[in-house]
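Biologist: I have the sequence and the model open side by side. Can you walk me through what is in it?

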Amino acid sequence: MEPVVNGAVVTLKDVAAASGVSLSTASRALDDRGTPTRSAAALHVRKVAEELGYRRNSFASNLRRGQTRTLGVLVPRLSDTVMALMFEALERAASARGYFAMVATSGDDPEDERQAAETLLDRNVDGLILATARTEDDLPKHLRDSRIAHALVLRTDGVSPSSLGDDEVGGYLAVRHLVDLGHRDIAVVTGPSFTSTGIARLAGARRAFEEANIQPPEGWLMAVGYGIESGYSAGKSLLTGGKATRPSAVFAANDNLAMGVLAAAKHFGINVGEELALVGYNDIPMSALLPTPLTSVRVPLDQIANNAIDLIVNPGKEPQIRKSMPSLMPRASSGTSRSADY
């Protein structure tokens with residue numbers, strides 16, 4: 001945001017007027033993308049700008065730049081396996097189009113996200129791809145209002161160009177699989193309620209419950225974090241007590257959550273795949289290599305990445321919100337290794 005002085009936004013035009021120079025001279029003096037000009041006029045402009053509290057608007061200035069064939073990718077953290085895999089897929093898709101992908105992280109903090117976006121725009125990127133998760137995030141609207149090319153990936157706000165898996169279908173596939181195996185005491189552990197993925201995967205699970213005429217206790221529908229620790233805490237809460245009072249199956253809405261539930265089951269001496277059926281989501285490479293291989297919903301990251309890049313390099317091409325179809329990968333954790341086609 002531009003600074004506000006006495007209720008008014010300080011603009012570049014204000015700085016130019018207060019400095020007694022032209023708008024173009026003020027703009028050159030305040031452009032920090034290259035080596036700063038050391039002329040007396042430039043130093044004077046920068047001093048006036050500092051006194052007024054002026055801050056260059058990275059979003060607006062980006063509109064005046066030429067193409068660099070570089071795309072900025074903003075993710076919460078690269079320590080998350082899905083985010084790392086998503087960025088690698090975006091890198092491949094960008095390279096195939098002759099673009100270079102540059103990544104920044106936000107730590108899931110809205111202010112850090114905005115600063116990271118400005119940093120990427122300051123690097124003269126041609127567009128932004130956002131893999132950050134909050135549904136109430138105002139950054140996509142700011143980008144739309146500023147007419148900056150962008151796309152959301154693995155999420156959607158329902159308005160900005162978006163490329164993601166069909167999370168509602170994925171949640172449905174996971175719970176339908178458990179229902180078809182004969183389970184009725186099914187719990188769901190999903191992501192935070194501020195994420196479009198958590199909301200949609202839970203909606204898909206609810207659709208499968210309704211179809212099977214199952215009404216799980218509300219305490220068995222848990223919106224937590226997306227980390228292993230969150231899955232472990234949720235698993236301990238769900239699996240405390242005797243066999244008659246705990247669920248016979250759990251759908252964990254990402255593989256980290258599922259691994260946490262798996263650890264909780266081990267803590268209680270519960271055999272996953274025999275006493276407890278477990279389904280995860282995303283099918284990260286480690287899922288198939290666990291001591292009890294994890295049944296998981298696979299998301300086509302390469303297809304999602306290609307669609308995201310296309311939304312940037314072909315602006316206006318329909319559809320603006322593109323959903324790729326997930327698929328179920330049955331393994332031992334759900335008590336079966338047979339193939340399934342739902």
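Biologist: Let's start with H10 and H11. Which residues in H10 meet which in H11?
Modeller: This is a predicted model, to begin with. From H10 the contact takes in Ile228, Ser230, Gly231, Tyr232, Gly235, Lys236 and Leu239. On the H11 side they meet Asn256, Leu257, Gly260, Val261, Ala263, Ala264, Ala265 and His267. Sorted by class, the contact of H10 with H11 has 8 nonpolar, 6 polar and 1 charged residues.

Biologist: And at what angle do H10 and H11 pack?
Modeller: Helix H10, residues 228-239, packs against H11 at an angle of about 45°, and their axes are 6 Å apart. That angle makes H10 oblique to H11. The crossing of the two is right-handed.

Biologist: Why give both an angle and a distance?
Modeller: Two packed helices are described by the angle between their axes and by the distance between those axes.

Biologist: How do H8 and H9 cross?
Modeller: The axes of H8 (residues 167-180) and H9 come within 7 Å and cross at roughly 45°. H8 and H9 are therefore oblique to each other, and H8 passes H9 in a right-handed crossing.

Biologist: Which residues make that contact?
Modeller: H8 contributes Asp167, Glu168, Gly171, Tyr172, Val175 and Arg176. Among those from H9 are Thr197, Ala200, Arg201, Phe209 and Glu211. The residues of the contact of H8 with H9 divide into 7 nonpolar, 3 polar and 6 charged.

Biologist: What else does H9 lie across?
Modeller: Helix H9, residues 196-211, lies across strands E8, E9, E10 and E11. Relative to E8 (186-190), H9 runs at about 170°.

Biologist: Those strands, then. In what order do they sit in the sheet?
Modeller: The order is E9-E8-E10-E11-E12-E14, which is 6 strands in an open sheet with mixed pairing. Strand E9 (221-223) and strand E14 (327-329) stand at the edges. Each has a single partner strand, so one side of each is left without a neighbour in the sheet. Neighbouring strands here are turned by 15° against each other on average, with direction ignored.

Biologist: What holds strands together in a sheet, in general?
Modeller: Strands of a sheet pair through backbone hydrogen bonds, either parallel or antiparallel.

Biologist: Which sense is it for E10 and E11, parallel or antiparallel?
Modeller: Strand E10 (residues 249-252) and strand E11 (residues 277-282) pair in the parallel sense, over 3 bridges. Within that pair, Ala249 stands opposite Ala277 in E11.

Biologist: How many bridges join E7 to E13?
Modeller: There are 4 bridges between E7 (residues 162-165) and E13, and the two strands run parallel. Leu164 has Lys323 in E13 as its bridge partner. E13 spans residues 321-324. Its covered face has Arg322 and Ser324, while the uncovered one has Ile321 and Lys323.

Biologist: What about the peptide bond that joins Glu318 and Pro319?
Modeller: That bond is cis, with omega about -10°. Pro319 is found in the loop between H12 and E13. Most residues other than glycine have a negative phi, and most peptide bonds are trans.

Biologist: Speaking of phi, what is the value for Arg69?
Modeller: Phi of Arg69 is near 55°, a positive value in a residue other than glycine. Arg69 sits in the loop between helix H4 (58-62) and strand E3 (70-75). With 37% relative accessibility, Arg69 counts as partly exposed.

Biologist: And Asn124, where is that found?
Modeller: Asn124 is in the loop between helix H6 (110-122) and strand E5 (127-130). Its phi is near 65°, also positive in a residue other than glycine. Asn124 is buried, because its relative accessible area is 17%, and the cut-off is under 20%.

Biologist: Last one. How many helices and strands are in the chain?
Modeller: The chain has 12 helices and 14 strands. Of its 342 residues, 51% count as buried.

Key: Residues numbered from 1 in each chain as written. Predicted model: local features only at pLDDT ≥ 70, side-chain atom pairs only at ≥ 80, totals over all residues. Heavy atoms only, no water. Buried < 20%, exposed > 50% of the residue type's maximum accessible area, 1.4 Å probe, protein only. Pairing = 2+ DSSP bridges. Axes fitted to C-alpha atoms, helices over the stretch in contact; angles between N-to-C directions. Contact = heavy atoms within 4.5 Å. Parallel < 35°, antiparallel > 145°, perpendicular 65-115°, else oblique. Left-handed = near helix turned anticlockwise from the far one by under 90°. Nonpolar A, V, L, I, M, F, W, Y, C, P; charged D, E, K, R; others polar.
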